[in-house]
Amino acid sequence: MTTNMNQQAAKRFRIGQIVPSSNTTMETEIPAMLRARELILPERFTFHSSRMRMKKVTKEELEAMDRDSDRCADELSDARVDVMGYACLVAIMSMGTGYHRQSEQRLHARTVQNGGAAPVVSSAGALIEGLHAMGAKRVSVICPYMKPLTKLVVDYIESEEIHVHDYCALEIPDNLEVGARDPLALLDIYKNVSLQGIDALVISACVQMPSLAAVPLVEAQAGIPVVSAAVCTTWKMLTMLGLETRVPDAGSLLTGRY
């Protein structure tokens, strides 16, 4: 009886997600983290998505997709969500340094105009802010993208005063193929980047490349903080909602210390 009463009293939040049409991971990993959080903390979450067309991870498709994000913000604000997450890191980072701030402000303004004001978190901005929150000045990064797009991501991170010591580009252009990867393959892949002198490892700079299962395992093996774009996005969403940033088995950033 007491458990039922506590569940009824728990605060409920609507999580909106602006998702590339071929993305299959954002709506898997972020709910998984917040469902795991529900086992230890009282808040409850529901998940609501709007999709932008994108199949190939090319600069042209990413630019076209980003233009469609305004419509998604309108649709999700119709549902009066409490926070929105823009689920494509490279789409933001390929638009030029600092673009996550412009995108977040523009999409938030759309929600205000629609009468459903909600903060907007981009996975790109969340990665930068999560690394800063941990005090990470020097990182290594794993990306699924082709080398030119990976270099754009590296340059973007470095423009935010975080040095990228080393990086790995898996060179997978098809977004569905990225989403079909085994996250535990990262237990071998991370050994291909140098960890010397770094403050954190970004095991997946992409919310489409599955990595959640690998985050605590690599962190334990490597002995350094490990994050992903999805972990950082979840952290930033919780921060914007004013909630404790604690999720089991999701790495140092989600231990509640930051």
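**Tour of the annotated sites**

Start with Val-90: beyond neighbours within four places in sequence, Val-90 touches Val-57, Leu-62, Tyr-145, Leu-149 and Val-153 (contact means heavy atoms within 4.5 Å). This is a predicted model, where local features need pLDDT of at least 70, side-chain atom pairs count only at pLDDT 80 or more, and totals for chains, interfaces and linings use all residues. Numbering runs from 1 along each chain as its sequence is written, and side-chain values use heavy atoms, without hydrogens and water.

Stay on Val-90. Val-90 sits in helix H5 (helices, H or I, of at least four residues and strands, E, of at least two are DSSP runs numbered from the N terminus). Val-90 is buried at 2% relative accessible area (buried is under 20%, exposed over 50%, partly exposed in between, with a 1.4 Å probe and protein chains only).

Step to Leu-89, also in helix H5. Leu-89 is buried at 1%. Contacts of Leu-89 outside four places in sequence include Ser-123, Leu-127 and Ala-229.

Next, select Cys-88, in the loop between strand E3 (83-86) and helix H5 (89-93). Cys-88 is buried at 7%. Among its contacts beyond four places in sequence are Pro-20, Met-54 and Val-207.

Cys-206 is buried at 7% relative accessibility.

An unreviewed UniProt entry lists Cys-88 and Cys-206 under "active site" (UniProt positions follow the numbering used here, feature names are shortened, and annotations may be inferred rather than shown by experiment). They are spread over 119 residues of sequence, yet their largest C-alpha distance is 7.0 Å.
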